[in-house]
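Student: Could you take me through the pockets of this structure, with the terms explained as we go?

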Amino acid sequence: MKYCRFLFENKTHYGAVEDRAGEPWIVDLTRAPEEDLAFRLEHGRATSWSFDFEPMPLTAADLLPPVTPSKIVCVGRNYRDHVKELGNEIPTEPLLFFKPPSSLLKPGGVIRIRTASTRVDFEGELALVIGQRARKLSPLAGWRAFVRGYTLANDVTARDLQKKDGQWTRAKGFDTFCPVGPIVSDELDPEAGLTIETRINNEVRQHASTLDFIFPIPALLAYITAALTLEPGDLVLTGTPAGVGPLAAGDRVEVSIPGLGVLANTVAPDAD
Ligand code: MG
């Protein structure tokens with residue numbers, strides 16, 4: 001299953017996504033997983049079902065973030081080479097932090113750099129989309145039943161404020177600092193190894209495999225859900241590989257994993 005979330009005739013829809021001649025198309029309006037927070041909020045208010053919907057290329061749609069999480073749980077320092085590039089010690093247990101849902105940004109949206117920071121970095125990441133309420137998961141088995149699918153994220157980070165503040169709330173939490181999308185898919189397997197790549201203005205800056213995780217997905221989910229309950233639609237950002245670097249106004253940043261498409265965003269100074 002692959003799906004996206006998008007605006008169509010001024011209403012929010014979920015769309016089933018299929019490949020047609022190698023390009024992703026929205027082929028049908030689909031009922032979202034009913035447990036999704038967005039579905040609950042939008043059903044009967046903004047969402048309607050149209051039966052004369054004409055399939056359209058994904059690239060022609062006005063895409064939204066494909067999920068509306070109650071929380072975004074992030075893992076820091078989960079690739080060895082990235083830990084080294086920032087001069088940190090290899091962690092002995094996962095390092096967790098949050099990004100607020102207000103930081104979500106749609107595919108194609110503009111990352112806004114605030115004057116409060118002099119260095120804003122990109123961090124391309126694989127994100128898990130939770131499919132059912134999860135607490136105290138076993139690190140050994142069964143995690144797949146709790147994951148609806150996978151998507152792409154950019155854990156945009158004000159690196160200077162991360163160091164200065166101690167707490168990472170501002171550094172990770174500015175509006176627009178969490179681009180997510182374009183689709184959710186369950187048709188791939190991170191444990192078999194996914195190649196993640198981040199490009200700035202078409203230049204490859206990050207290139208790694210999810211096989212290089214320090215803490216694999218079952219260990220991450222067990223660690224997270226030992227502390228807090230994950231809800232349907234929640235996101236887990238699994239960490240970024242080596243190669244992080246600063247963004248500048250005018251840049252175009254792309255994160256990709258084969259099967260998940262390309263999450264592309266541009267960068268501009270804050271608008272007001
Ligand atoms: Mg990160």
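Tutor: On a 1 Å grid over the protein atoms alone, a pocket is an open set of points where a 1.4 Å probe fits, with protein on both sides within 12 Å along at least five of seven lines, and its lining residues have an atom within 4 Å of a point. Points are joined across faces, edges and corners, and a volume is the space filled by probe spheres set on them. The model is predicted, so local features need pLDDT of at least 70 and side-chain atom pairs pLDDT 80 or more, while totals for chains, interfaces and linings use all residues. Residues are numbered from 1 along each chain as its sequence is written, and side-chain values use heavy atoms, without hydrogens and water.

Student: How much space lies in the largest pocket?

Tutor: Its volume, in the sense just given, counts the space filled by probe spheres. For the largest pocket this comes to about 250 Å³.

Student: Why does the largest pocket lie between two domains, and which are they?

Tutor: Domain bounds here come from an automatic or database domain assignment. Because both domains give residues to the lining, the largest pocket lies between domain 1 (2-64) and domain 2 (72-269).

Student: Which helix gives the most to the lining of the second largest pocket?

Tutor: The second largest pocket has a volume of about 210 Å³, and Arg159 and Gln162 are among the residues closest to its centre. Helices (H or I, at least four residues) and strands (E, at least two) are DSSP runs numbered from the N terminus. With three residues, the element that gives the most to this lining is H3.
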